[in-house]
Amino acid sequence: STMADKKNLLLLFDHPTEPVFMDKGKRVTVFDVPDSFLTDRYKPISNEVQSRVGDKVEQRIPVREISIPDLRIPMSLGRDEKFSLFLPKHRRIAGRLIDIFMNMRSVDDLQSVAVYARDRLNPVLFNYALSVALLHRPDTQGLDLPSFMQSFPDRFIDSQVMRKLREESFVVNPGSRIPITIPRDYTASDLDQEHRLWYFREDLGINLHHWHWHLVYPFEASDRSIVDKDRRGELFYYMHQQVIARYNAERFSNNLARVQPFNNLREPIAEGYFPKMDSLVASRAWPPRFENTRLSDLNREADQLNVEIGDLERWRDRIYEAIHQGFVMDVGLRVGVASGSCVNLSISLQERGNRITLDETKGIDHLGNMIEASILSPNRTLYGDLHNNGHTFISYAHDPSNKHLESFAVMGDVSTAMRDPVFYKWHSYIDRIFQEHKSRLPAYTEPQLNYSGISITGIQVATNGGQANTLSTFWQESDVDLSRGFDFLPRGNVFARFSHLQHLPFTYTINVNNDSGAQRFGYVRIFMAPKNDERGQPMLLREQRLMMIELDKFVAALNPGPNTIRRRSTESSVTIPFERTFRNLDANRPAAGSAGELEFNFCGCGWPNHMLVPKGLPEGLRCDLFIMVSNYENDRIDQQLQGQCSDAASYCGVRDRLYPDRQAMGFPFDRLPRTGADRLVNFLTPNMSIVDVTIRHENRTVQRQ
């Protein structure tokens, strides 16, 4: 028996709803499945089904017959149900399956269990649990997971396109197939002003980023180390805060006001959303939400859900109380009395919790874990599960008691939630709670902001050959191969062509003077925000800081005297390139076994580069571009970063490493400005500078070359 090759595990992501013995991969590959592993439907005809592919097979993978661990809990979720991490019942099921996959002794045994489990489990549950296990097992960490979109394209595109893609792959030979175009704005008409933002909310890359972020930062697992990553709660706050800032800039680019937080949970949700997508796993349409839908108490026995709006309000009030008191209560001493042993019972009096101070450094991290809530929450009984339950309440608003046997809407799934306008209302509300804490912290003082001896003497942004300090956006059409997710069809590439926002790449030129007489290192922090509010009035910094989008952060060496720093927009610490978002796994992969290959996987996390810059307006959206050079000696984290995929660290952190910046995420705009700095221009110290930048949108479409 040969050792299993861990790369073959990735084939189990192909064609998720087909039986496991069907052929997979571009190179026709078949798992030789032991008869006892076949499901009841196929056992009696095992010879017939196993020889279906016959002479076309180029590679056979032996699967060892081993005794299978107890899969009753994972199998309790139906194969055609919809799986959601927001449902506690589904989280427990997934946690159990992740455990089973994590605990298999070898890649060999993992392959056997995965092959056995694949046809008996819900396909999305299987994909999620196997993905988390492969990301966290030492012997599989280097594997590169296929993009979630390649396995489940139905979560990302209009269901009418799916039919056309099916026809193309059934009728036309692979060599002659053409990409099927996804219509540009199919979910609503211009009667709905929210629909102007379809290209942001329904962007494939943005939804993939959100899915991948939650894959790298799961909020529940029985192995605590999978969840307990450096500054994970703070990252939950910051990534979502930046999404809201970025979304509001996009609203200004469409003559819309900032998003209104959903702060009264008993008020109807004005915005409706009709996704026009079908779930291939559930063979059901994703349910819509009609305009002016109200939330209701949830009582869905099948989902083990029994929560009231009152629970959400109580949790919110306790979280606010903790912020205003400046501390949270943890669970305190848990008293375990082993059966048959005699324990001094006076212990049980000391069950009250301990105070954890919400201080300047760790406070936001505790709050992030508490509000999301992850298993790192100091006290889930007291502070509940506010953010996750908000998603659940909204996603069941159309059928809160399961009377109509309807599943959750797009808000109930991280790969689809960002499509719905209400996502941004809910997250604006969540962000207000975080801001309540941030606004109570002391403002940064001039000495904390300044970098003595270092001054910025000029900044400029330019696109290639374009006008200085003018950024330019347009539309682009790109193709993505969805063949892995098309089941029960002839093989070969299946391309969908979609339109997305794009900008001309640009370069920052920063002139910095170093008068200290020695070489210094600076951390260059670049942000951008609209200059004026909805009424065209210049914004006060206390508001404008919440709209500051982090564009980049990098280290620069400063020699004594004048320095010129040049940095390309494609190098941004926030984004990843198009190829990595859509993960064409066969093209542009690093060489097998190279350090680069290990990284390719984690690196699916990152904001898509084509969405770095807001659309702007035809006449130009006026923005402040802000650059600060802070003292790298104060900010640095000493660790080896070689190849640890740190190029999108601002939103995603760095795999198995500390967050590469000692300052609070969003520094220097994460707190209210000091007295006297009511506008951005008064906030500046010599190591900071601003320049007016205009973002112009041209309504033209180009094809990706």
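Here are some notes on a pocket, a cavity, a sheet and a helix pair in this predicted model.

1. Ground rules. The model is predicted, with local features needing pLDDT of at least 70 and side-chain atom pairs counting only at pLDDT 80 or more, while totals for chains, interfaces and linings use all residues. Residues are numbered from 1 along each chain as its sequence is written, and side-chain values use heavy atoms, leaving out hydrogens and water.

2. The second largest pocket. Its volume is about 500 Å³. (A pocket is an open set of points on a 1 Å grid over the protein atoms alone, with protein on both sides within 12 Å along at least five of seven lines; a cavity is a set where a 1.4 Å probe fits but cannot get out; lining residues have an atom within 4 Å of a point. A volume is the space filled by probe spheres set on the points, which are joined across faces, edges and corners.) Of the 20 lining residues, Pro261, Asp431, Arg432, Gln435 and Leu546 are the closest to the centre.

3. Who builds that pocket. Two or more lining residues come from each of α11 (232–252), α16 (421–438) and α18 (541–544); α16 gives the most, with five. (Helices are DSSP runs of H or I, at least four residues, and strands are E runs of at least two, numbered from the N terminus.) The pocket lining splits into seven nonpolar, six polar and seven charged residues. (Nonpolar is Ala, Val, Leu, Ile, Met, Phe, Trp, Tyr, Cys and Pro; charged is Asp, Glu, Lys and Arg; the others, Gly among them, are polar.)

4. The largest cavity. There are 10 cavities of 30 Å³ or more, and the largest holds about 150 Å³ of space. Ile182, Trp198, Glu202, Phe498 and Ser499 are the closest to its centre, out of 15 lining residues. β12 (495–503) gives the most to this lining, with three residues. The cavity lining has nine nonpolar, two polar and four charged residues.

5. The sheet. Three strands form an open antiparallel sheet, ordered β10-β13-β16. (Strands pair if DSSP finds at least two bridges between them.) β10 (454–463) and β16 (561–568) are at the edges with a single partner strand each, so one side of each has no neighbour in the sheet. Nine bridges join β10 to β13 (residues 506–514), and Ala462 stands opposite Thr507 in β13.

6. A helix pair. α15 (residues 386–395) packs on α16 at about 155°, with the axes 11 Å apart. (Axes are lines fitted to C-alpha atoms, for helices over the stretch in contact; angles run from 0 to 180 degrees between N-to-C directions.) That makes α15 roughly antiparallel to α16 (the label for angles over 145 degrees).

Technical notes. Angles under 35 degrees count as roughly parallel, over 145 as roughly antiparallel, 65 to 115 as roughly perpendicular and the rest as oblique.
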